[in-house]
There are 2 protein chains.
Amino acid sequence: MTVDLLETLHLPEQVGSLDEGQLEQLCSEIRHTLVHFGKHHGGHIGSNLGLVEATVALHAVFHSPEDRIIFDVSHQSYVHKMLTGRAQAYIDPEQFGSVTGFTNPLESEHDSFVLGHTGTAVSLATGLAKMRDMNGQHHHVVAVLGDGALSSAVAFEGLNNAAAQGGNIIIVLNDNEMSIAEDQGGMYAGLAKLRASNGTAQPNLFNALGLDYRYVEQGNNVHAMIEALNAIKDTDHPIVLHIHTCKGLGLDAEDKQHGIERGQCEANHWQNPLRDEHSPLGSRKTYGRAAMAMLEQRFDDEPGLIVISPATPGSNGITREFRKRAGAHYVDTGITEEHAVTFASGIAKAGGRPVVATSATFFQRTVDQLQQEVALNDTPVTLLEFSAGLSATDNTHSGAFDIAMFGNIPGLLCLAPTSGEDFLNMVAWSTSAANEHPVMIRVPGPQIIDADRAQGLFKALTDQIDDSLPASVTLDAMIGHEAAAAIMKTTAALNETAATQDLHYRHSRVVQAGQDVAILALGNTMPLGREVVEQLAQGPHPVHATLVDPVLFSAVDEELLAKLAEQHRIVVTLEDGQLEGGWGAKVAQSAERLAERTGHQLQVICVGGDTEFTDRVPLNELNNRYGLTTESIIHRIRSVAALTTAER
Amino acid sequence: MTVDLLETLHLPEQVGSLDEGQLEQLCSEIRHTLVHFGKHHGGHIGSNLGLVEATVALHAVFHSPEDRIIFDVSHQSYVHKMLTGRAQAYIDPEQFGSVTGFTNPLESEHDSFVLGHTGTAVSLATGLAKMRDMNGQHHHVVAVLGDGALSSAVAFEGLNNAAAQGGNIIIVLNDNEMSIAEDQGGMYAGLAKLRASNGTAQPNLFNALGLDYRYVEQGNNVHAMIEALNAIKDTDHPIVLHIHTCKGLGLDAEDKQHGIERGQCEANHWQNPLRDEHSPLGSRKTYGRAAMAMLEQRFDDEPGLIVISPATPGSNGITREFRKRAGAHYVDTGITEEHAVTFASGIAKAGGRPVVATSATFFQRTVDQLQQEVALNDTPVTLLEFSAGLSATDNTHSGAFDIAMFGNIPGLLCLAPTSGEDFLNMVAWSTSAANEHPVMIRVPGPQIIDADRAQGLFKALTDQIDDSLPASVTLDAMIGHEAAAAIMKTTAALNETAATQDLHYRHSRVVQAGQDVAILALGNTMPLGREVVEQLAQGPHPVHATLVDPVLFSAVDEELLAKLAEQHRIVVTLEDGQLEGGWGAKVAQSAERLAERTGHQLQVICVGGDTEFTDRVPLNELNNRYGLTTESIIHRIRSVAALTTAER
């Protein structure tokens, strides 16, 4: 299929002058382009395929950039990008990846914001509209929101406040009957009734919030969409245009065979390219699955062991098969991080041991609830923090800020395991009756899975293709019968104990004893720490350094630090997150206190990330930038050693 | 009036055995007690007066503690406390203050949680109900929620998820037609229609969320409430009981004269005791008013200058008179911090200069939006952070965590002014066209207002009674004509410049140059820093220390630190917030980097708060505990000096 028409469009205003046939052809070309792009590059294809006609209609009716169109979360903005001068990034394989997966003002004046967290579009649009009204201007402001996003906290605040503000605010609700996984919550039955009644049923949630409302059943018909948008374009009050679309429309049977539509929703949410089809699972899915396999074995005996996912189960290894088997032991709360964490605190207060699983970047939304409802109330909630640490991700989804953000909350024990087995043991302990406090566990990253696999662990998942792995792979198969049995036995013992005072995971571990230099390698940096220690021992001036696994990042083991100070001059802290506010800063502060008391000043070298947002920068490049490399660390150690020797 | 009946009740189950006349007498005694308590001790009297009958009815129908009753925000739990063995804390002036203003499991088994932030009760109740169902138990779970709380993000997530979960969850919606200030948002017209129609009108917001619904017009009739609760008590699905109550019911004309009901809502929200009636305004209201007076002068010329308050204007000096005059330049978003900050980013993106004003403890709810929608999008939003720093407040409302929480967000400039004039200048700059980035400003605390008043500043507010001060007091009257004129002139000039590169407030200031010891006194600790410097210069071994105003807490002025290192051995950082993750930790880390480069090791002494929650501990006691006293600091400095001298 050709993309002749799409290639001729360089300005969105050209869309407005197309005739009916051309509009249909354009939609067809776009859909074809998306499917091809999804197969070969990957991306959030499902929702974009559903939004083809609506986006074409938006640009036919409105005049961007004077009129502002804000895409919530913004990963459904591919078609918008194609129509605003960026089509080649989706057509030409050479240019795949040249634009981000999210809107970005640095790319185009047609993008107002960088957005990647759910539910903020209505609030942002309300702000743009407020300013327009204060300036006495008359352009239009449109927010495009998915039905899954509707259940998130801030979206609701935005809708309620848009209604109160008044004026021209157009909210396009893209209802494809799916969130990232299934839709969750009481409101969705109401949306179904609205769809079934062609938008006439009551109670109407939007009317109840004081918003005007229209329904378009044919959300994938470009003419119907243009007509509907023209009819409400000049509204003098906020209005919701509820459109019914089909997520993944255009994927055919062949595509499904190629794994593009594996699973009704999740696989369509983020589409991996075909070249990744035979890659082993990443650390996130592997460790997530292993944790679930471990917990699952205990479900029958422990009614309070409940896994909670705020809408992103698949990417964290919580497979559909697991969810089915878990039954009431699994709760998907929809895209509602605040609720998920608060809900967990309620379960824990009643004696349960809930586990909340989501990404570091989404836990950011729960800082207040983590502090108030969880930490202040001291409830034994376990938080599995996925995708923490430095990575090549988009600037909207970075996990580099977690140590500063969660590691300073009073009473929240934050753990950074240095192996998969360590991780599983921590989860086993924190979810047992022996633990009575909130615990966050940083799920190990790619650095750790490589080390684990080198030892033959998690092999059962290594050679398998993505989600097609039978979900019944057991813990035994992942880490061996002995290790699996040991974890299950320990957990049973911990549940028997119900320890009143636990000292688990409150101390750091000396991995290898040495002198002069101590390397404190937090979580994912342990393989780097090992390499530094090995290399320091080489060459003409060998240093036999001490290697420490800090274990926790919410505190410093000051007793150990004091001991280290006796035979070490240099302490190096490694962390794969932002240095400011982070763990190394705590060590530096502890070292100063120690010096104040004893007069003995350690040189602390903190290695970690800068205070900055990074956007799809390869991890290697970040590690180089921040000096998280063996070479740089050894250079710094040797420079300081030379300096202090010279001084003496 | 006697309180004979109330005094005989020690267990909530006794309420269930009272006859009709006794129930009415009990309500009357409770109301009388609340009014008296409010006049003489102060508290959240308004909502409690409205909830008297509902709370008595709850305890008559349900059997606490088996049945769980969760009060949202929990400052409307006074009646519940009276009925669960804590009546004397409200009756006996000697015992006033012996219980907290919030529910607290340490006080009573009838309290499940410590709660002080809005909207979490439904999620917590849903968690308790989940665990009950998993255990196969059959008790009841009740959440009591105000109409103002309904507009907050997490409350909505909770309602939507309670509906999805099912089972016995009873949500009592206490509708007194008011939030803290007026209700805000499109949903409130819907609530009014429900009230007008005796609960029969559609669209019904709760039905739209999939929840069952009942209405009780006579929420202040104990018999009607008992009947309504009995009717739904054993529901097998979540249900909202919408009750209409009167906030402040029982305050009479005489009370109003005594200032108890000054203002329809705000004064009823938090009732100051009569003894405070003639006290001067605190720092929070004073500086808030001064900032508003300054901004107000610019409204006519700057359409984009917009003040946003998420529901707490009064306590931040945003008076009703100001709001009236400000018109469209003021927006109350309801209790919706996430929306408020996101909305502001939208305004700023469109060229405006929005100002979001709320407490440190409530900004905690916006960490994700501050990072993503504001900092990542680099929009010039000004955040006025009230009640930051150590204080004697409840554990739910502490401002001690702000430096760690906000000072580590990339791209967010965080300022800590050391005087009222400094503060106003910072606000003037950050809201001018010359500033193009997000700025958080810590509103100065009580330590600073004392210093200001000692210099005769803000006197126009000093001698005035609380809210009765005419709102028209101008900036001139507060800080003198010259200073006021200078600020306005500077702002005008900054607006002309629209500087492309601003270096404002990126550097620390040397207040007094000295040697050997440098005191870096952040924000509110400046008076303490001055005293330390003065005292160090006394006695037989005088030290002429340097005094530095750090100005910002989001970074360290490393250039200045390097200079200090040349003539100083000891650097002392003072901050009135949590040390871990805070500003002193950044200085310690910077000092280590400096030592690594130069071999010159400074001794950094960081003084600040521990990582802990504190509950109504007097500020003096906290300062003593953390060594934030002249004596302790001087002792530490002299000890280190002796130590290093001895070593040399």
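**Salt bridges, interface, domains and backbone**

Author: Over all chains the structure holds 42 salt bridges, a salt bridge being a side-chain nitrogen of Lys or Arg within 4 Å of a carboxyl oxygen of Asp or Glu. This is a predicted model, in which local features need pLDDT of at least 70 and side-chain atom pairs count only at pLDDT 80 or more, whereas totals for chains, interfaces and linings use all residues. Side-chain values use heavy atoms, with hydrogens and water left out, residues are numbered from 1 along each chain as its sequence is written, and chains are lettered from A and ligands numbered from 1 in the order in which they are written.

Reader: What does the salt bridge between B:R31 and B:E53 look like?
Author: Side chains of opposite charge can pair when their charged atoms come close. The closest N and O atoms of B:R31 and B:E53 are 2.8 Å apart. Because B:R31 lies in helix α2 (residues 20-40) of chain B and B:E53 in helix α4 (residues 52-61) of chain B, the pair ties together parts that are 22 residues apart in sequence. Helices (H or I, at least four residues) and strands (E, at least two) are DSSP runs, numbered from the N terminus.

Reader: How many residues does each chain bring to the contact, and what is the area buried between chain B and chain A?
Author: The size of an interface is often given as the accessible area lost when the parts come together. Here chain B brings 115 residues and chain A 114 residues, where contact means heavy atoms within 4.5 Å. The buried area is about 9,100 Å², with 59% from carbon and sulfur atoms; this is the accessible area (1.4 Å probe) that two parts lose on being put together, summed over both.

Reader: How many salt bridges does the rule find across the interface of chain B and chain A?
Author: The rule finds six across that interface, and A:K586 and B:E580 meet through their side chains in a salt bridge at 2.9 Å, N to O. On the side of chain B that touches chain A, helix α27 (residues 583-598) of chain B gives the largest share, eleven residues.

Reader: Which domains does the assignment give for chain A?
Author: Domain bounds come from an automatic or database domain assignment. For chain A they are domain 1 (4-244), domain 2 (283-497) and domain 3 (509-647), and the C-alpha centres of domain 1 and domain 3 of chain A lie 48 Å apart.

Reader: Where does a cis peptide bond occur in chain A?
Author: A cis peptide bond joins A:Q202 and A:P203, with omega about -5 degrees, and A:P203 lies in the loop between α9 (187-196) and α10 (205-208) of chain A. In chain B the peptide bond from B:Q202 to B:P203 is cis, with omega near 0 degrees.
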